[in-house]
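Hello,

Here is the structure I promised to hand over. Please open it first, then read my notes below.

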Amino acid sequence: MVILGAGPAGLVLGNLLHAAGVGCVVLERATPAQLRTRQRAGFLAANTVRILERHGLAGGLHRHGRTHATCEFRTEDGRFRLDYGHLGRGEPHTVYPQHLLVTDLLTQYQDAGGTVLFGTEAVTVQGLDGTRPTVTVRDADGRPGRWQGRYVAGCDGRHGAARRSLPPGSVRRHHLDHGVSWLGLLAEAPPSLDAVGYAVHERGFAGHMARTPDVTRYYLQCERGSTPDDWPDDRIWDELALRMRAADHGPLRRGPVLDRTVVHLESDVLEPLRHGPLLLAGDAASLISPSAAKGANLAVLEAEVLARALVDDLRHGAPEGIARYSDRCLHHIWRAQEFSRWMVRLLHVAPGSDGVPPFHDHLRRSRLASLRTSRSCQHWFAEQYAGV
Ligand code: RFL
């Protein structure tokens with residue numbers, strides 16, 4: 001069994017297969033140091049925590065993660081809070097940065113005797129019509145190599161070799177450009193509020209998400225074509241303060257900006273998530289906008305479903321789970337995509353002409369009003385927001 005990529009999807013899969021006695025190798029382009037420092041997600045759903053607990057992979061997040069259960073909306077119509085951890089199914093998030101989770105998963109996999117080949121880039125997956133697919137690779141010095149397995153798990157993200165190797169027409173790609181870009185920021189500064197902050201402002205969206213006591217993630221909606229260099233620290237903090245209405249609701253705790261990346265909000269879903277012996281999971285299967293913090297959670301869920309299917313087939317000769325894998329995961333993926341799209345529409349002001357808000361903008365304000373005032377809407381939101 002060959003696994004491409006040592007992100008959350010590939011490493012959960014590797015841990016589960018190795019524990020079940022299925023021989024596998026993980027091929028990873030990056031170095032261990034790069035993996036351990038690549039900061040991305042931070043909000044883990046309760047279901048993700050349950051999956052990791054079920055397989056003995058939750059030690060680090062229980063020691064160092066913090067539960068988080070409130071979000072605060074700041075809008076032109078005022079401020080309101082939703083204690084989502086006590087609404088819906090009553091489930092909070094656990095805040096635990098993705099690079100720490102990846103570090104834990106990697107350590108556990110290697111300590112158990114699992115193999116990861118770092119600095120090994122998968123180039124193509126060949127032989128997808130047969131039962132012995134071959135992955136061609138090159139190492140950090142450009143030397144070529146090959147790996148074969150009964151199956152190949154494509155957990156190598158949206159730009160990986162798995163997607164590239166799919167023959168034209170074998171898989172459909174449903175794609176949506178949300179038409180919005182965010183500047184994703186990591187600031188060396190304590191959180192400014194004890195909640196996830198969503199600020200809806202005529203100058204654009206601004207978001208605040210705790211990561212650790214000393215590092216906070218912020219987002220600022222920016223123009224398409226904008227680059228990180230357009231955003232020096234002072235401009236970032238002034239714009240965040242304006243959009244988060246710091247003058248009304250309290251100052252932001254400023255600090256040096258450690259990382260700034262422009263993210264175009266895009267979603268796609270590949271269908272089916274399998275072509276012959278090549279199975280896709282995580283971002284390789286579906287890219288989701290970060291508006292609802294679902295990507296890493298879907299990756300873990302899909303890895304568990306895939307691991308169970310592979311163990312059933314390879315250890316017990318029962319291939320039904322492999323046949324059902326795509327449908328089972330697509331059900332969850334489309335629900336997450338729907339909520340993420342709903343969040344995109346909730347959080348962004350549509351530019352109007354001549355200062356007149358367009359139809360869409362009235363709908364957005366009504367949606368926020370329902371969320372502020374309707375208990376059943378709040379329960380629905382909590383269930384969607386904290387679940388996968
Ligand atoms: P990853 O984590 O991208 O890992 C893929 C791995 O594959 C390697 N790779 C290759 N290796 C060998 N050969 C090749 N040809 C290769 N090509 C790539 C890469 O080096 C990498 O190690 O994918 P995976 O495992 O599917 O996990 C997906 C998540 O990383 C992603 O969905 C989330 O980070 C999305 N996301 C968030 N998700 C959440 O659930 N909650 C959040 O709060 C959240 N915040 C975010 C996010 C994504 C962000 N960005 C950068 C788009 C915040 C941001 C800013």
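Is cysteine 377 buried or exposed? Cysteine 377 is buried, with a relative accessible area of 17%. Buried means under 20% relative accessible area, exposed means over 50%, and partly exposed lies in between (1.4 Å probe, protein chains only).

Some ground rules. This is a predicted model, where local features need pLDDT of at least 70 and side-chain atom pairs count only at pLDDT 80 or more, while totals for chains, interfaces and linings use all residues. Residues are numbered from 1 along each chain as its sequence is written, and side-chain values use heavy atoms, with hydrogens and water left out.

**Cysteines**

A disulfide is a covalent bond between the sulfur atoms of two cysteines. Here the rule is a pair of cysteine sulfur atoms within 2.5 Å. By that rule, the count is zero. Take cysteine 329: the nearest cysteine sulfur belongs to cysteine 155, 11 Å away. Cysteine 329 is buried, at 2% relative accessible area. Cysteine 377 is in no disulfide either. Its nearest cysteine sulfur, in cysteine 71, is 12 Å away.

**Where cysteine 377 sits**

Cysteine 377 is one of the α12 residues that meet α11. Helices (H or I, at least four residues) and strands (E, at least two) are DSSP runs, numbered from the N terminus. Helix α11 covers residues 359-373, and helix α12 covers residues 375-386. Their axes come within 6 Å and cross at roughly 95°. Axes are lines fitted to C-alpha atoms, for helices over the stretch in contact, and angles run from 0 to 180 degrees between N-to-C directions. The two helices are therefore roughly perpendicular; that word covers 65 to 115 degrees, with under 35 roughly parallel, over 145 roughly antiparallel and the rest oblique.

Which residues meet? From α11 come Ser370, Leu371, Arg372 and Thr373. From α12 come Arg375, Cys377, Gln378 and Phe381. Contact means heavy atoms within 4.5 Å.

**Cores**

A nonpolar core is a set of buried Ala, Val, Leu, Ile, Met, Phe, Trp, Tyr and Cys residues joined through side-chain atoms within 4.5 Å. The largest one has 71 residues. Leu4, Leu13 and Leu17 touch the most other members. Helix α9 (residues 295-316) gives the most to this core, with 11 residues. A second, separate core has 31 residues, including Val196, Phe339, Met343 and Phe381.

Now look at leucine 13. Beyond its neighbours within four places in sequence, leucine 13 contacts Ile3, Ala153, Cys155, Ala303, Leu306, Ala307 and Leu310.

**Asparagine 47**

Asparagine 47 is in helix α3 (residues 46-54). It counts as buried, at 18% relative accessibility. Leaving out residues up to four places away in sequence, asparagine 47 touches Leu301 and Val388. Leucine 298 is 251 residues away along the chain, yet the C-alpha atoms of asparagine 47 and leucine 298 are 10.0 Å apart.

Most residues other than glycine have a negative phi, and most peptide bonds are trans.

- Glutamate 271 and proline 272 are joined by a cis peptide bond, with omega about -5°. Proline 272 lies in the loop between β17 (257-271) and β18 (274-275).
- Arginine 245 has a positive phi of about 50°. Arginine 245 lies between α7 (233-243) and α8 (246-249), and counts as buried at 16%.
- Alanine 293 has a positive phi near 55°. Alanine 293 lies in the loop between β20 (286-287) and α9, and is partly exposed at 31%.

Best wishes
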